[in-house]
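Please look over this protein with me. We will go from its loops to its cores and pockets.

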Amino acid sequence: MCGIAGRVGAHAGSREVLKKMTDSLLHRGPDDEGFFVLPGVELGARRLSIIDVQGGHQPIVTNNDEVAVAFNGEIYNFGELRKELLSRSCPLKTQGDTEVIAYLYLLDGIEFIHKLRGMFAISIWDTRSQTLLLIRDRMGEKPLLYSTKADGGMDFASEAKALLGVGAAREADLRAIDFVLAFGYAPPPMTGFSSIVALPPGHVLKWSAGKVSIERYWKFDSSRKEVFTEESAKHAVHAALEDSVKMMMVSE
């Protein structure tokens with residue numbers, strides 16, 4: 001499962017506070033923990049080891065601390081993407097998918113996201129531009145929550161408890177409660193807490209110099225129309241399911 005947490009802004013830069021956040025996510029990642037801390041930024045991870053069990057420690061940091069990545073999820077086509085990176089002379093040191101994310105971003109910028117097949121909540125710190133990116137998978141399979149500060153700082157985590165433990169207000173969002181009572185869930189960006197926001201599926205959040213912007217990077221294209229016979233529809237569904245399951249079987 002894994003869990004991530006972090007902070008950016010003037011209040012960030014404490015390993016002790018970051019560890020408090022990741023400790024609250026221990027149940028999501030009992031196998032390993034890791035931290036990336038510089039003045040003004042913290043990234044932390046609790047890991048459930050599945051891919052590259054020995055070498056996949058997070059956060060992953062590229063040469064000269066240019067890019068740091070902590071993420072929750074699994075990139076099913078990372079093997080194919082890893083081969084692409086090796087062909088581009090990237091100095092890969094692990095066999096896992098986190099490092100693939102780091103170097104794809106380093107080379108291609110945010111456009112790398114369109115190459116990924118998987119479930120993910122990704123945090124990327126770009127030291128070159130002093131920018132934090134938070135990215136959630138297309139369907140929102142992996143959770144990613146954040147809370148902003150009055151001074152422009154921001155905290156983020158896989159679960160609300162990590163944010164509540166470092167100062168996020170516990171005031172209930174009554175509109176979210178209405179949704180839960182009526183429909184059984186509260187859609188993003190609602191979380192149940194007025195101080196905590198859920199990044200919507202298929203969106204990327206950018207934090208830079210205390211400013212937050214959010215953009216949608218994917219939307220289901222309902223304009224595409226295809227005509228199937230009953231037999232061709234059966235074959236298409238079977239092929240899609242077989243391909244999906246095969247990709248998800250990658251594990252150690």
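## Terms and model

Helices and strands here are DSSP runs, numbered from the N terminus. A helix has at least four residues, and a strand at least two. The model is predicted.

## Positive phi in two loops

Ala-209 is found in the loop between strand S11 (203–208) and strand S12 (211–216). Its phi is positive, about 50°, although Ala-209 is not a glycine. Is Ala-209 buried or exposed? The cut-off for exposed is over 50% relative accessible area. Ala-209 has 69% relative accessibility, so it counts as exposed.

Asn-64 lies in the loop between S4 and S5. Asn-64 is not a glycine either, and its phi is positive, near 60°. With 71% relative accessibility, Asn-64 therefore counts as exposed. Most residues other than glycine have a negative phi.

## Two cis peptide bonds

Most peptide bonds are trans. Gln-58 and Pro-59, however, are joined by a cis peptide bond, with omega about -5°. Pro-59 sits in the loop between strand S3 (41–47) and strand S4 (60–61).

Pro-188 and Pro-189 are also joined by a cis peptide bond. Here omega is about 10°. Pro-189 belongs to the loop between helix H5 (174–183) and strand S10 (197–198).

## Nonpolar cores

How many residues does the largest nonpolar core have? It has 27. Phe-112, Leu-116, Phe-120, Ile-122, Ile-124 and Ile-135 have the most contacts inside it. At least two residues of this core come from each of strand S5 (67–75), helix H2 (78–87), helix H3 (97–108), strand S6 (118–126) and strand S7 (131–136). H3 supplies the largest share, six residues.

The largest pocket has a volume of about 340 Å³. Its lining has 14 residues, and Tyr-76, Arg-117, Gly-118, Met-119 and Met-139 lie nearest its centre. S6 and helix H6 (230–248) are the elements that give two or more residues to this lining. By class, the lining has eight nonpolar, two polar and four charged residues.

The second largest pocket has a volume of about 260 Å³. It is lined by 15 residues, with Ile-110, Leu-133, Val-204, Lys-206 and Glu-215 closest to its centre. Which element gives the most to this lining? S12 does, with four residues. The lining divides into seven nonpolar, four polar and four charged residues.

Methods. Residues are numbered from 1 along each chain as its sequence is written. This is a predicted model: local features need pLDDT of at least 70, side-chain atom pairs count only at pLDDT 80 or more; totals for chains, interfaces and linings use all residues. Side-chain values use heavy atoms; hydrogens and water are left out. A nonpolar core is a set of buried Ala, Val, Leu, Ile, Met, Phe, Trp, Tyr and Cys residues joined through side-chain atoms within 4.5 Å. Buried means under 20% relative accessible area, exposed over 50%, partly exposed in between (1.4 Å probe, protein chains only). On a 1 Å grid over the protein atoms alone, a cavity is a set of points where a 1.4 Å probe fits but cannot get out, and a pocket is an open set with protein on both sides within 12 Å along at least five of seven lines; lining residues have an atom within 4 Å of a point. Grid points are joined across faces, edges and corners, and a volume is the space filled by probe spheres set on the points. Ala, Val, Leu, Ile, Met, Phe, Trp, Tyr, Cys and Pro count as nonpolar, Asp, Glu, Lys and Arg as charged, and the others, Gly among them, as polar.
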